[in-house]
Amino acid sequence: MAKRAAKSDETAMPVANSELRRKQSPPAEERFAQELAFLKAADTSIRPDGWFLSPQAIVTFVCGSRGETLRLPKGCEDKSLPDSLVITEKFVGERSLVERCVVTLAGERGLLLVVEPGTAKSMLSELLATGVSGTSALTIQGTAGTTEEHLRYSWNYAFLLAQGPGDAALVPSPMMTGMKNGQVVRIEEVTRCLPEVQDALISQMSERRLMIPELQGDSGSIFARPGFNVIATANLRDKGVSEMSAALKRRFNFEVIAPIAEHHREVDLVRLQATALLHESNVQTPVDEGLLDILVTAFRDLRVGRTVEGWNVEKPGSVMSTAEAVAIAASIGRQAAYFPSQKDPLSLIPCLLLGAVLKDDAQDRARLLAYWDSTVKRRAENSRNWQRLLELRQELMQ
Ligand SMILES: Nc1ncnc2c1ncn2[C@@H]1O[C@H](COP(=O)(O)OP(=O)(O)OP(=O)(O)O)[C@@H](O)[C@H]1O
Ligand SMILES: [Mg+2]
């Protein structure tokens, strides 16, 4: 018996402890723990009650310190912090939009981020919740299966049967915890929730309290403390299971996030995020610059329906999001590193681009071919990379 156990240990995949503890996608409060602690220590601006950082510090946290080195004020006790730090840009977009979001969160209405898929609404809501409350953990994922309990509370039936209704048996929802602690609650894809779930949200957001009829006295109502608010997200494309009611819409200030406006900022972002993803896959080789430029340019042409040269492009039905460009860049980087002798990385672009384009509408393949026959062909006259891409047209037929 002992022998068999030893044998199975030998065949088990060796995994280091640190490897087991590593998370694939740690929350913002863990990824940026040092920046948050630094900003908190350096924060001297006015801060609404219950907030972790001041509105100004939150905007700096989300949009970065624009390359400026921030310094800790004299007399700061915390020796674990560096004396100075440059805060990284996380959300690429208008600073004024982030300011408006922060101002909304300090008021009595919730914040609704509306956007095309893959345009960083979840990321922005996570960063804002972290800045306001120090945590992004209070999250409800809106789906057709989301029930009122996800917004209110439920019961641990073992405790309920043993002890009757009471605090021990109560299982709070993120909403209840947010109200109790005065923290921001995130509701992802709110339009996918059924109407009755959205209705429950209306009363919670206007009354700012949650009743527990089963409990007597003070325990029977939770009043929201300062700092509580809601950030919801919704897709422009996918209206979800049911559209929001007018009453619920009135409880939110809407902010529409546009795709990244400048070409070079999108290239920088795709490079940065693809490199980070590649590091996670133990790939240290950077993504080729020429390839990055072609990828982002093609995504932007197809997203906007017009090239920088002013040529018209027939837009496919799919979104062509920055998030997908990041995924493709990382995928090319991995393929090149894991199978270096196989293919020239540029030759992977047509198939991956086709994968991004061809989602719902079979006609989108024809649209991509038309893009090849017009824009790619015209650019091929002056650029070797676009010339190579033109020669790979047959890859789109597979
Ligand atoms: N303006 C932007 N700033 C920073 N990252 C961006 C931006 N636009 C897109 N991204 C990229 O998009 C990725 C995913 O964003 P996120 O998941 O927040 O999108 P989403 O809008 O919630 O998408 P979905 O609709 O699929 O849920 C980010 O990690 C980043 O790579
Ligand atoms: Mg999302």
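Keep in mind that the model is predicted. On the charged side, the count comes to 22 salt bridges. On the strand side, five strands make up an open sheet with parallel pairing.

**A buried charged pair**

- Asp-301 and Arg-379 form a salt bridge, and their closest N and O atoms sit 2.9 Å apart.
- Why does Asp-301 count as buried? Its relative accessibility is 3%, and the cut-off for buried is under 20%.
- Arg-379 is buried as well, because its relative accessible area is 8%, again under the 20% limit.

**Partly exposed charged pairs**

- Lys-359 and Glu-324 meet through their side chains in a salt bridge, at 2.9 Å from N to O.
- Here too the link is between distant parts of the chain: Lys-359 lies in the loop between helix H16 (349–357) and H17, while Glu-324 lies in helix H15 (residues 322–338), and the two are 35 residues apart.
- Lys-359 comes out as partly exposed, with 45% relative accessibility, and Glu-324 gets that label at 26%.
- Salt bridges with shared partners also connect Glu-314, Asp-361, Asp-364 and Arg-367 into one network.
- Glu-30 has a salt bridge to Lys-23, with 2.6 Å between the closest N and O atoms.
- How accessible is Glu-30? Its relative accessible area is 42%, so Glu-30 is classed as partly exposed.
- Lys-23 is also partly exposed, at 42% relative accessibility.

**Layout of the sheet**

- Reading across the sheet, the strand order is E4-E7-E10-E3-E11.
- Which strands stand at the edges? They are E4 (139–141) and E11 (252–256); each has a single partner strand, so one side of each has no neighbour in the sheet.
- On average, neighbouring strands in this sheet are turned by 20 degrees against each other, ignoring direction.

**Strand pairings**

- E4 and E7 run parallel and are joined by three bridges, with Gln-141 standing opposite Glu-188 in E7.
- E7 is also joined to strand E10 (residues 229–235), again in parallel, through four bridges; in this pairing Ile-187 faces Ala-232 in E10.
- Strand E3 (residues 110–115) pairs with E11 in the parallel sense, over five bridges, and Val-114 is set opposite Val-256 in E11.

**How E7 is covered**

- What is the burial picture for strand E7 (residues 184–188)? The strand is mostly covered, with five of its five residues buried.
- As background, side chains in a regular strand alternate between the two faces of the sheet.
- In E7, one side carries Val-184, Arg-186 and Glu-188, and the other carries Val-185 and Ile-187.
- Both of these faces are covered, and the residues on them are all buried.
- That buried set includes Glu-188 and Ile-187; Glu-188 is the residue opposite Gln-141, and Ile-187 is the one opposite Ala-232.

Key:
Residues numbered from 1 in each chain as written. Chains lettered and ligands numbered in written order. Predicted model: local features only at pLDDT ≥ 70, side-chain atom pairs only at ≥ 80, totals over all residues. Heavy atoms only, no water. Salt bridge = Lys/Arg side-chain N within 4 Å of Asp/Glu carboxyl O. Buried < 20%, exposed > 50% of the residue type's maximum accessible area, 1.4 Å probe, protein only. Pairing = 2+ DSSP bridges. Axes fitted to C-alpha atoms, helices over the stretch in contact; angles between N-to-C directions.
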